[in-house]
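The plan is to look things up one at a time and jot down what turns up.

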Amino acid sequence: MKKTGAWLVRYALEQIGVRYTFGIPGVHNTEIYDELNNSDLIHPMLVTHEGCGAFMADAISRTSDSIGTVVIVPAAGVTHAASGIGEAFLDGIPMLVIAGGVRSDSKFKYQLHDMDQHTLVKPITKKTFKVNSQEEVVETIYEAYQIAVSGEPGPVFIEVPVNIQLYTGTVANIPSYEEYCNKQNLKLATPSIQEKSLAEAVELLTSAKSPGLFLGWGAVDAAESSVAIAELLGAPVSTTLQGLSAFPGNHPLHCGMSFGPAAVPAATQAFSECDCLLAVGTRFAEIATGSFGVTVPKNLIHIDINPDVFHTNYPAKVNIQGDAKKVLPELVKRLQNKLQLTKESRENRTKVLAAEIKKNKQNYLEEWFQHDSKDRVNPARFFSALRTSLPDDGFVVVDDGNHTFLTAELMPIHKPRHMISPTDFNCMGYAVPATIATKLANPEKAVVGIIGDGAFLMTCMELITASRNKIGAVFAVFNDGELSQISQAQQVPYNRKTCTVLGTTRFEGIALATGAEYLSIQSNEEIKRKLEEAWILANEGRPVILDVHIDYSKKTRFTQGIVGTNLKRLPFAAKVRMIGRALVRRVTG
């Protein structure tokens, strides 16, 4: 049979369950867009910028059962999308990146958009493909999808030259995805359980006096097992930033993000005597460890799907390669059998520990409540009201900045995958498009974005996409007129702020330009009423800019912790120079 490459692209994407694509049509992909428009299963979404499209695809993968997919033009479309692709790559998020390509049948050089795209995206993708014939299209997309979702997930790039899209070619067979999987024996590929390592892990955990759990995004789909393990052991639980939703924030054993000097007091104290750490789905990366400031016990049990992370930053006594969804249930079974005789003592330990965690959390919250925010909004007051107004199954999408760590410390997340944030790539501008996509994928759920004013300025015009598609979400912009995470870091050593003062932006003008609604919260007294108004408007299918005049004068524990950790690491001469410079500038200005 004869089929165009564009038709085959559409067919393959339908087969693997793609629901949305994001991008901008151009001369090198209009054939694909025309086919997507004919699909009953796929909705192609026009975006204002391909970088936003990639952030949207990332959010689809994080908050739904469909893989995020971008369909972009070659060259400029790829470079624009690169930030979102890189975020997905470092955060372990599956994504399909389908780009047009210049004609592969032309005798001419210097075609429009002619460049080596594969060299460009190789460092930020798991693999790249270039389709050479119509016959290759379907199975290439199937293989790319398998690579994207297997092992540690990530983005995969596929170039489909424009002539392959446009012309028909002979295709001997067009398999369904199920037929392809059967042919490749993909359904039979199940990793073996590492019995010896599991037995060693059980022995270490049950003999420990003060075990603890540290959960990353890799554990996000194993929350039930994580809860069971924590309760069996009577162990405190902390998470990475990306893994904040891996353990319910309203569980008595939940402590917060990280567990060292950069963590909230509940976590720092609960883990102070930890003698055995079960770490699941985490690389022990810089943010998760507060600039590598945590103290990890020698009895570290590290479970991850990617073996490359083992022993990289902290040596493990036991490492187990595997998907947490499969490994943790097995660990639960073995712990249940081992701990039957000590159930009563573990329950007593849990009660004592839970009471201590609750007390420390309440004390920390009161510390924030008592902070004088003067004529601005106290972050703890805002998050307390937001948590009350947001249903348990509501989604929180957070950008990169000071507001990120305020959210981590003050906003408990109750359901898996219900808080997402750019983490290891740490890309500002993520939250506006990601909030839109999260609401698109979860239309019946409440969705709120927590966005710094600097990050908002990067991608705020994507609100046009939300207005055009009647996507009702709340975009809470923490407005202080600065890039505060960096300006705070500049203030102490430099006593000045360089290129971190944004000035005043009238966000109501952005609302007018994009068709969004605009509400402003100027003081603590307005928080509850304005949040109620925002949710009413969002439920009517209207995007809402919620301009929060936030007070950043009190530093987060994260900021305080990493400053202290990094200062200690400085060579003595550099430390003296920096402290001396700060003192001189305080006197001289």
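**The open sheet**

I began with a sheet: six strands form it, it is open, the order is S16-S15-S17-S18-S20-S19, and the pairing is parallel. Strand S16 (419–420) and S19 are the edge strands, each pairing on one side only. Two strands pair if DSSP finds at least two bridges between them. My element names are DSSP runs numbered from the N terminus, with helices being H or I of at least four residues and strands being E of at least two.

Before going on, I noted that this is a predicted model, where local features need pLDDT of at least 70, side-chain atom pairs count only at pLDDT 80 or more, and totals for chains, interfaces and linings use all residues. Residues are numbered from 1 along each chain as its sequence is written, and side-chain values use heavy atoms, with hydrogens and water left out.

**Strand S17**

How many of the residues of S17 are buried? I found six of its six, so to speak: S17 is mostly covered. Buried means under 20% relative accessible area, exposed means over 50%, and partly exposed lies in between (1.4 Å probe, protein chains only). On one side I listed Val447, Gly449 and Ile451, and on the other Val448, Ile450 and Gly452, all buried, which leaves both faces of S17 covered.

Next I checked the partners of S17. Strand S15 (residues 395–398) runs parallel to S17 and is joined to it by four bridges, and Val397 stands opposite Gly449 in S17. S17 is joined to S18 by five bridges, again in parallel. The bridge partner of Gly452 in S18 is Phe478.

I also looked at S19 and S20, which pair in the parallel sense over five bridges. There, Ile521 has Val548 in S20 as its bridge partner.

**Helix H21**

Helix H21 covers residues 527–539, which is 13 residues. From first C-alpha to last it reaches 18 Å, close to the 18 Å expected at 1.5 Å a residue. The expected span is 1.5 Å times one less than the number of residues.

Which residues of H21 are buried? I wrote down Ile527, Lys530, Leu531, Ala534, Trp535, Leu537 and Ala538. Seen down the axis of H21, the buried residues fall within an arc of 160°, so they line one face of the helix. That arc is taken from the directions from the helix axis to the C-beta atoms. On the other side of H21, I have Lys528, Ile536 and Asn539 as exposed.

After H21 comes Gly541, with a positive phi near 85°.

His118 sits in helix H5 (residues 117–121). Is His118 buried or exposed? It counts as buried because its relative accessibility is 17%. Its side chain makes a polar contact with the side chain of Thr128 at 3.0 Å. A polar contact is a pair of N or O atoms within 3.5 Å; within protein, one must be able to donate a hydrogen and the other to accept it, and residues adjacent in sequence count only if both atoms are side-chain atoms.

Leaving aside neighbours within four places in sequence, His118 is in contact (heavy atoms within 4.5 Å) with Thr128, Phe129, Lys130, Phe157 and Glu159.

Phe157 counts as buried at 0% relative accessibility. Not counting residues up to four places away in sequence, Phe157 touches a list that includes Val78, Val97, Ala99, His118 and Thr128.

**Cysteines**

I searched the whole structure for disulfides, meaning pairs of cysteine sulfur atoms within 2.5 Å, and there are zero. Cys276 is in no disulfide, and the nearest cysteine sulfur, that of Cys274, is 6.8 Å away. Cys276 is buried, with a relative accessible area of 0%. Cys460 is in no disulfide either, with the nearest cysteine sulfur, that of Cys52, 9.3 Å away. At 6% relative accessibility, Cys460 counts as buried.
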